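Please read them with the structure open.

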Amino acid sequence: MEKEMVYDQEFSIITKDGVEERFNYFIFEDTPIISYNKWESSFYTNFEMQGWTSKDRPDFADKGLVFIVSKNDPMLDRCAMYHELGHVINNHQLGSTGRLDKVTDGVVSPYELEADQHVLMNMGRKKTLIWLESLMEYYTRETKLRKQAKEDGYLQEKGLLGLKKLYLGREEVKLRIKYL
Ligand SMILES: [Zn+2]
């Protein structure tokens, strides 16, 4: 059983709309690992990209930040952490523009592969594969739900675009498994 991640510190972010939000975090390899539950998946970002500031941790402005959306499984959460940390320590560019463009041609972003290698190095192949397969399951499940909504005539333009992104996301994970 994997050790649970303990977010035992707190800080606040002031968003670009001036709203203050508190977060729990811990520092790992000089990087803030922050607990987050608003989005579906974990990600990395920084203050500059988001237009954030912080009163209690202004020093975080120079750092890559890892946000973990917990899957209620310490092993999966740890894999996600190493993946996002892989982006941070390799200084990968922020934002995902164009990332899925070449997926249908069988080309996957080298940043994703490099971040996956960081998981592999720290968690081993077996756990890394279980984690990637859990991502596949997520995409498969969401794609199915939206396809059904499309057949039932509930999907509008935005939903159709979402369906395409989910499909490409699934194809991307397939490639990431292939190149692991
Ligand atoms: Zn990534």
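Against which helices do the buried residues of α4 pack? The answer is in point 4, after the basis of the model and the overall fold.

1. Basis. The model is predicted: local features need pLDDT of at least 70, side-chain atom pairs count only at pLDDT 80 or more, and totals for chains, interfaces and linings use all residues. Numbering runs from 1 along each chain as its sequence is written.

2. Overall fold. The protein chain has five helices and five strands, where helices (H or I, at least four residues) and strands (E, at least two) are DSSP runs numbered from the N terminus. Along the sequence they follow the pattern β-β-β-β-α-β-α-α-α-α. The radius of gyration of the protein chain is 17 Å, close to the 16 Å that the globule rule gives for 180 residues, so the chain is as compact as a globular protein of that length. That radius is taken over C-alpha atoms, and the globule rule is 2.2 Å times the number of residues to the power 0.38. Along the principal axes, the C-alpha atoms fill a box of roughly 50 × 40 × 30 Å.

3. Of the 180 residues in the protein chain, 23% are buried. A residue is buried if 20 or more other C-beta atoms lie within 10 Å of its own, exposed if 12 or fewer, and partly exposed in between, with C-beta atoms placed from the backbone. Two residues are in contact if their C-beta atoms, placed from the backbone, lie within 7 Å. Among contacts with a separation of 6 or more, 66% join residues 24 or more positions apart.

4. Helix α4. The buried residues of α4 pack against α2, α3 and α5. Thr128, Trp131, Leu135 and Arg146 are buried in this helix. With 27 residues, α4 reaches 38 Å from its first C-alpha to its last, close to the 39 Å expected at 1.5 Å a residue; the expected span is 1.5 Å times one less than the number of residues. Just after α4, Gly153 has a positive phi of about 80°.

5. Helix α3. This helix covers residues 110–123, and its 14 residues reach 20 Å from first C-alpha to last, close to the 20 Å expected. Its buried residues are Glu112, Ala115, Asp116, His118, Val119 and Met123. Seen down the axis of α3, they fall within an arc of 145°, so they line one face of the helix; the arc is that of the directions from the helix axis to the C-beta atoms. Pro110 and Met121, on the other side of α3, are exposed. The buried residues of α3 pack against α2 (74–89), α4 (125–151) and α5 (157–178). Gly124 follows α3 and has a positive phi, near 85°.

6. Nonpolar core. A nonpolar core is a set of buried Ala, Val, Leu, Ile, Met, Phe, Trp, Tyr and Cys residues joined through C-beta atoms within 7 Å. The largest one has 19 residues, of which Ile33, Ile34, Val66, Ile68, Cys79, Met81 and Tyr82 touch the most other members. The elements giving two or more residues to this core are β3 (31–36), β5 (65–69), α2, α3 and α4, and α2 gives the most, with six residues. Domain 1 (1–72) and domain 2 (96–180) both give residues to this core, so it lies between them. Leaving aside neighbours within four places in sequence, Cys79 is in contact with Val119, Met123, Lys127, Thr128 and Trp131.

7. Domains. The bounds come from an automatic or database domain assignment. The C-alpha centres of domain 1 and domain 2 lie 24 Å apart.

8. Asn72, in the loop between β5 and α2, has a positive phi of about 55° although it is not a glycine. Asn72 counts as exposed because it has 6 C-beta neighbours inside 10 Å. Asn91, in the loop between α2 and α3, also has a positive phi, near 55°, and is a residue other than glycine. With 7 C-beta neighbours inside 10 Å, Asn91 counts as exposed. Gly95 is in the loop between α2 and α3, and its 9 C-beta neighbours inside 10 Å make it exposed.
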